[in-house]
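Hello,

Here is the structure for your files. My notes on it follow below.

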Amino acid sequence: MSSPDELPVDAPRAARTAPVPCRMCGQPLRDAMSRRWGLGRDCRRKLRMRLAPAPEQHEVEQDALPGL
């Protein structure tokens, strides 16, 4: 017989895994991608909005560095 602390084999997978909180808001993560990132969907979306666009690349005229 199994110990009282063990879950039965037919228990749903979500019940067998420990809840993982979001690193930003602390809400429990529900899907595999969120668990992998450690962030919920909404928090990942918020972070994506905070990222600044990459600056344009352009050539700069400058003197050669001394010693090179």
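A search of the whole structure, which is a predicted model, finds two salt bridges.

One of them joins the side chains of Arg41 and Asp31, with N and O 3.1 Å apart. Arg41 is exposed, at 52% relative accessible area, while Asp31 is partly exposed, at 21%.

In the other, Arg45 pairs with Asp42, and the closest N and O atoms are 3.0 Å apart. Both residues belong to helix 3 and are three residues apart, so about one helical turn separates them. Arg45 is partly exposed at 43% relative accessibility, and Asp42 is partly exposed as well, at 48%.

Arg44 is also in helix 3, which covers residues 41-50. Its relative accessible area is 16%, so Arg44 counts as buried, the cut-off being under 20%. Leaving out residues up to four places away in sequence, Arg44 touches Met33, Ser34, Trp37 and Leu39. For Ser34, the C-alpha to C-alpha distance to Arg44 is 8.6 Å, at a sequence separation of 10 residues.

On confidence: the chain has a mean pLDDT of 77, and 65% of its residues reach 70 or more. Helix 2 (residues 32-37) has the highest mean, 88, and helix 1 (residues 13-16) the lowest, 55. Where pLDDT is low, the predicted coordinates should not be read in detail.

Regards

Methods:
Residues numbered from 1 in each chain as written. Predicted model: local features only at pLDDT ≥ 70, side-chain atom pairs only at ≥ 80, totals over all residues. Heavy atoms only, no water. pLDDT = per-residue confidence, 0-100. Helix = DSSP H or I, 4+ residues; strand = E, 2+ residues; numbered from the N terminus. Buried < 20%, exposed > 50% of the residue type's maximum accessible area, 1.4 Å probe, protein only. Contact = heavy atoms within 4.5 Å. Salt bridge = Lys/Arg side-chain N within 4 Å of Asp/Glu carboxyl O.
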